[in-house]
There are 4 protein chains.
Amino acid sequence: MIQDEIRTRVRYGETDQMGVVYHANYLLYYEMGRTEYMRARGYEYSRLERDGYFLAIVEAQLRYHANTGYDGELIIRTRVGKITRVQVTFHYQVLDAENEVLLSEGLTRLACVDKNLKVKRLPAKMIEALKSPSKTNSITYR
Amino acid sequence: MIQDEIRTRVRYGETDQMGVVYHANYLLYYEMGRTEYMRARGYEYSRLERDGYFLAIVEAQLRYHANTGYDGELIIRTRVGKITRVQVTFHYQVLDAENEVLLSEGLTRLACVDKNLKVKRLPAKMIEALKSPSKTNSITYR
Amino acid sequence: MIQDEIRTRVRYGETDQMGVVYHANYLLYYEMGRTEYMRARGYEYSRLERDGYFLAIVEAQLRYHANTGYDGELIIRTRVGKITRVQVTFHYQVLDAENEVLLSEGLTRLACVDKNLKVKRLPAKMIEALKSPSKTNSITYR
Amino acid sequence: MIQDEIRTRVRYGETDQMGVVYHANYLLYYEMGRTEYMRARGYEYSRLERDGYFLAIVEAQLRYHANTGYDGELIIRTRVGKITRVQVTFHYQVLDAENEVLLSEGLTRLACVDKNLKVKRLPAKMIEALKSPSKTNSITYR
């Protein structure tokens, strides 16, 4: 299993009046993980869009196990799961960097579409990149 | 089945550069549905918090079927599913009000906690409210 | 002075761990005011975009006087200020609907641009609409 | 003039259907600059809150000069302006890291309050920290 890891910090605007990260914002942390996973393999999502492809989210699942608040440092772990001709599933874990407690885990399933949001095959180069190890010095778990 | 319905409109800031609602924002529409469901039964969530209880999201599942962009009018349908002593599951559908196309459907499972985020029993009055029909003139589907 | 008024409620996700609305979210309330101001005059912003024009924010000023939290009902007042050939300034007030306390007031100055973000003249029909009274039954202050 | 610099990247969820960063999100970039400015001087904002103080935004001013979209790398420059016994003003610039084009500049004025949102004097140690140079290896402009 190839798994990448990045770090970020909780912004004040991402918390809510319960004193913790608002649950929807984990989807933004997942997005950061996905973006960096692809960058680390030399096929940025922004390049995909310039080539006329988009990845539309068709499903998201999230579980929440623990909480953190403003300025909490997060570890975001990202790995690729099932890949079909037109879809790819990413799996994520978000941990509290201070104590490695699991805060949230989940997945997003994405479909490849063109600019009119019609389903298209994933570009072969992208599938190849998704399956390859990280090209960066960032930590890769196997 | 008791199901409530409210309407809202997509803000510009809720769209993304794909020209549609950013996927995480459906959790905010679900939240609106949940808030109004409880208000329509005389037990506002804000009152729950004043009583020292909070509902923490422990699970969210979302499916995305179609899209809309800025200023799209949305129908948000909310109903209550499984209720245990400490948890309640809400189910949602978000439709394009113009053509009643289903945009997203999903659920959130919430656990009752105190201000220290320790699990507590759901207040009996809240369970009663959750199971009752709407007290307002808003549309209720059965 | 023509001034429109709409109402909305604070979502949980719009609050922060200080227990109040996160300051950036007032720009979203201002946006709602602006959107409904234009709709009430028969020239929706979404129509403007379909005609190939966009309004890009070039300046924003906000003052914060008081606070409210989750589920607080808001009154959003919007009026149009200076209009030039290429820019329009909107002024806003956000009040707590419960006690009419002023929470925030501010302005946004918007420039008319085409899809390549080049400055264009505001369409004459839009200027006409901006200067006209509301066509709806919503409350209009003079 | 002491000025700190940090970098971040635009998330997809921070863009809007005009294909650029939604204007309200610059306040989140400003917040990141402010947070890191204080951390670099050994007085984290999260520590301030643990000590029973909060900084409430009382004014924000933003100008927008140019745009960037998803994945654009940003330079956020932060410096402290006027400091009174109860308020501090931060000034910000956000630049496109690729070409150093200025995207936005602005300020936020913050008032020191206690947990009941009553105005309090800024802690002496915080004022001292605000006026001191960065203790980190991050770039500091003078």
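How many residues of chain C are in contact with chain B? In this predicted model, 12 residues of chain C touch 12 residues of chain B.

Two helices of chain C, helix 1 (26–39) and helix 2 (45–50), each provide at least two residues of the side that touches chain B. Helix 1 of chain C gives the most to this side, with four residues. Sorted by class, the side of chain C that touches chain B holds five nonpolar, three polar and four charged residues.

The two chains can also be compared as copies. Chain C is superposed on chain B by a rotation of 180°, with 0.0 Å of shift along the axis and an RMSD of 0.0 Å. Within chain C, the C-alpha nearest this axis belongs to C:Thr8, which lies 4.9 Å from it. Of the interface residues of chain C, 100% are also interface residues in chain B, so the copies meet through the same surface.

## The contact between chains A and B

A further contact is formed by 16 residues from chain A and 16 residues from chain B. On the chain A side, helix 1 (26–39) and strand 2 (54–64) each supply at least two residues. Strand 2 of chain A gives the most to the side that touches chain B, with nine residues. The classes on this side of chain A are 11 nonpolar, three polar and two charged residues.

Strand 2 also takes part in a pairing between the chains. Strand 2 of chain A and strand 2 of chain B (residues 54–64) pair in the antiparallel sense, over five bridges. At one position of this pairing, A:Glu59 has B:Arg63, in strand 2 of chain B, as its bridge partner.

## The symmetry of chains A and B

Two copies of a chain are related by a rotation about an axis and a shift along that axis. For chains A and B, the rotation is 180° and the shift is 0.0 Å, and the superposition gives an RMSD of 0.0 Å. This is the relation of a two-fold axis.

Which residue of chain A comes closest to the rotation axis? The C-alpha of A:Gln61 does, at 2.3 Å. The same surface serves both copies, as 100% of the contact residues of chain A recur in chain B.

## The fold of chain A

Chain A contains three helices and six strands. Read along the sequence, these elements follow the pattern β-α-α-β-β-β-β-α-β. Among the contacts in chain A between residues at least 6 apart in sequence, 71% join residues at least 24 apart.

## The dimensions of chain A

Taken along the principal axes, the C-alpha atoms of chain A fill a box of roughly 40 × 35 × 25 Å. Buried residues account for 43% of the 142 residues in chain A.

Conventions: Residues numbered from 1 in each chain as written. Chains lettered and ligands numbered in written order. Predicted model: local features only at pLDDT ≥ 70, side-chain atom pairs only at ≥ 80, totals over all residues. Contact = placed C-beta atoms within 7 Å. Nonpolar A, V, L, I, M, F, W, Y, C, P; charged D, E, K, R; others polar. Pairing = 2+ DSSP bridges. Least-squares fit on C-alpha atoms with pLDDT ≥ 70 in both. Buried ≥ 20, exposed ≤ 12 C-beta atoms within 10 Å, placed from the backbone.
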